[in-house]
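Here are my notes for your first read of this structure. Keep the model open and follow the points in order.

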Amino acid sequence: MLSQKLEAALIDQMNWEIYSAHIYLSMSSHFAQEGLGGFSKWMFAQYQEEMFHAMKFFNYINEAGGHAKLGQIEAPQVSWETPLAAFENALEHEQGVTARINAIADLAVEEKNHAVGIFLQWFISEQVEEEDSVGDIVGKLKLVGDGGGLFMLDRDLGTRVFTEPTE
Ligand code: FEO
């Protein structure tokens with residue numbers, strides 16, 4: 001059972017995850033255009049991961065007796081000055097996602113809704129990984145600059161494949 005306030009917060013986050021997916025899909029397209037196929041592939045996997053997050057909220061809201069109402073999704077930015085600018089943008093975005101998830105977890109505690117609290121635990125752990133993986137690439141991009149290292153990093157990032165977590 002969800003209060004109206006908690007249901008609204010979960011719906012808002014579901015739509016925000018779709019927005020996150022669109023940002024990364026847009027970055028994927030941008031990198032493809034720039035000739036950085038590995039970066040493009042990494043961002044496409046990130047898009048798939050965000051859609052998985054969105055569907056986790058979608059399924060949970062409906063299972064908990066709510067109505068997962070889809071909302072309007074803002075158009076994402078379409079280009080970035082440098083790969084570093086894109087990944088810094090991604091890191092900032094993920095830090096914002098973490099803050100949003102924490103705020104919903106606070107609301108669940110306030111309302112003593114332990115079921116929602118347990119559901120959100122997965123996302124709390126996931127956000128640690130999300131910030132870490134993006135932060136790691138920001139660090140590498142700062143090290144390699146615009147030189148040949150960028151092409152090696154492009155090759156490394158191109159090995160990423162999204163696999164749906166089993167739980
Ligand atoms: Fe769904 Fe990257 O947070």
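1. The end C-alpha atoms of residues 1-145 lie 51 Å apart. This span is 80% helix and 0% strand. In UniProt, an unreviewed entry gives residues 1-145 the feature "domain: Ferritin-like diiron". Keep in mind that the model is predicted.

2. Next, find helix α2. Helix α2 covers residues 37-63, which is 27 residues. From first C-alpha to last, α2 reaches 39 Å. That is close to the 39 Å expected at 1.5 Å a residue. What follows α2? Gly65 does, and its phi is positive, near 90 degrees.

3. Now look at α2 beside helix α3, residues 83-110. How far apart are the axes of α2 and α3? They are 13 Å apart, and the two helices pack at an angle of about 15 degrees. Because angles under 35 degrees count as roughly parallel, α2 is roughly parallel to α3. The crossing of α2 past α3 is left-handed.

4. Which residues make this contact? From α2 come Phe39, Trp42, Met43, Gln46, Glu50 and Phe57. They meet Pro83, Phe87, Glu94 and Ile101 in α3. Sorted by class, the contact of α2 with α3 has 7 nonpolar, 1 polar and 2 charged residues.

5. Helix α5, residues 149-157, is another partner of α2. The axes of α2 and α5 come within 7 Å. They cross at roughly 35 degrees. This crossing, too, is left-handed.

6. Check the side of α2 that touches α5. Gly37, Gly38, Phe39 and Trp42 in α2 meet Leu150, Leu153, Asp154 and Leu157 in α5. By class, the contact of α2 with α5 has 5 nonpolar, 2 polar and 1 charged residues.

7. Finish with the annotated site. Which residues does UniProt list for "binding site"? The unreviewed entry names Glu17, Glu50, His53, Glu94 and Gln127. These residues are spread over 111 residues of sequence, yet they cluster in space. The largest C-alpha distance among them is 12.8 Å.

8. His53 is in helix α2.

Notes. Residues are numbered from 1 along each chain as its sequence is written. This is a predicted model: local features need pLDDT of at least 70, side-chain atom pairs count only at pLDDT 80 or more; totals for chains, interfaces and linings use all residues. Side-chain values use heavy atoms; hydrogens and water are left out. Helices (H or I, at least four residues) and strands (E, at least two) are DSSP runs, numbered from the N terminus. The expected span of a helix is 1.5 Å times one less than its number of residues. Axes are lines fitted to C-alpha atoms, for helices over the stretch in contact, and angles run from 0 to 180 degrees between N-to-C directions. A crossing is left-handed if the near helix is turned anticlockwise from the far one by less than a right angle, and right-handed if clockwise. Contact means heavy atoms within 4.5 Å. Ala, Val, Leu, Ile, Met, Phe, Trp, Tyr, Cys and Pro count as nonpolar, Asp, Glu, Lys and Arg as charged, and the others, Gly among them, as polar. Angles under 35 degrees count as roughly parallel, over 145 as roughly antiparallel, 65 to 115 as roughly perpendicular and the rest as oblique. UniProt positions are given in the numbering used here, feature names are shortened, and annotations may be inferred rather than shown by experiment.
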